[in-house]
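Today's notebook page is open, and I am sitting down with a new chain.

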Amino acid sequence: MDLLAGELAISRATLYRAVGSRDALLGEVFWAIAKVLIAEAAGEAGGTGPDRVIAVSRIFTELLDSAPQMRTFVAAEPQTAARVLFTAAAELRHHAIDAQLRIFVESGIEGDPADLRRRAALYLRTLEGVLYGPLLGSGPIAFEAAEPALRALLTENTGLTD
């Protein structure tokens, strides 16, 4: 934050007033990167329905895996990365669920809006296991290993409704 404040020619106090916290700033940076990668993945994915959702997820996973800055940050600051990426209070999580819900709808996945949102949140948690397995303590998880679970969340009969 000191370096950034210096680069922006503002005080640290001004920077903190503007961004709230380092975690909040990192969350916004991660979200900016994710939006670009999601758009690229959605543009490349073909098909409709569950096949398209899976294709978007697979392409996004490949794109994120090839982002060395993200891998470097997660390796260097695993606790910060976990806080920013996984906590319910983090704005990044809300953005990611909203984006997954949009991918569902754009792909033709239908259902009760509240149920779709729950499915999007669970889908995202499952995908995070692939994206960040080592950070979550599970070790690397291949996309192919998670695909049956992801695909199961794309049908209306999930049992997730109240």
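My entries below go from the overall fold to the charged pairs.

**Entry 1: the fold.** I note at the start that this is a predicted model. I looked up the secondary structure and found 9 helices and 0 strands in the protein chain. Reading from the N terminus, I get α-α-α-α-α-α-α-α-α. I then checked the extent of the C-alpha trace, which spans about 55 × 30 × 30 Å along its principal axes.

**Entry 2: surface and contacts.** The protein chain has 162 residues, and buried ones make up 40% of them. I read off an accessible surface of about 8,700 Å², with 59% of that belonging to carbon and sulfur atoms. For contacts between residues at least 6 apart in sequence, I see that 58% join residues at least 24 apart.

**Entry 3: charges.** I have 15 positive and 21 negative charges in the protein chain, and their mean positions are 5 Å apart. How many salt bridges does a search of the whole structure find? My search came back with 10 salt bridges. As a reminder to myself, side chains of opposite charge can pair when their charged atoms come close.

**Entry 4: Arg-83 and Asp-23.** I found these two side chains meeting in a salt bridge, at 2.5 Å from N to O. The pair links distant parts of the chain, with Arg-83 in helix H6 (residues 78–86) and Asp-23 in helix H3 (residues 22–44), 60 residues apart. Arg-83 counts as partly exposed because its relative accessibility is 38%. Asp-23, at 22%, is also put down as partly exposed.

**Entry 5: Glu-147 and Arg-58.** Here I read 2.6 Å, N to O, for the salt bridge between the two side chains. This pair, too, links distant parts of the chain: Glu-147 is in helix H9 (residues 143–152) and Arg-58 is in helix H4 (residues 49–65), 89 residues apart. Glu-147 has 17% relative accessibility, so I list Glu-147 as buried. Arg-58 has a relative accessible area of 25% and is partly exposed.

**Entry 6: Asp-115 and Arg-119.** Are these two residues buried or exposed? Asp-115 counts as buried because its relative accessibility is 3%, and Arg-119, at 0%, counts as buried as well. Their side chains meet in a salt bridge of 3.2 Å, N to O. Both lie in helix H8 (residues 113–136), 4 residues apart, which I noted as about one turn of the helix.

How values were computed:
Residues are numbered from 1 along each chain as its sequence is written. This is a predicted model: local features need pLDDT of at least 70, side-chain atom pairs count only at pLDDT 80 or more; totals for chains, interfaces and linings use all residues. Side-chain values use heavy atoms; hydrogens and water are left out. Helices (H or I, at least four residues) and strands (E, at least two) are DSSP runs, numbered from the N terminus. Buried means under 20% relative accessible area, exposed over 50%, partly exposed in between (1.4 Å probe, protein chains only). Contact means heavy atoms within 4.5 Å. Accessible areas come from the Shrake-Rupley method with a 1.4 Å probe; for residues, only the protein chains shown count as cover. Lys and Arg count as positive and Asp and Glu as negative; His and the chain ends are not counted. The place of a charge is taken as NZ of Lys, CZ of Arg, CG of Asp or CD of Glu. A salt bridge is a side-chain nitrogen of Lys or Arg within 4 Å of a carboxyl oxygen of Asp or Glu.
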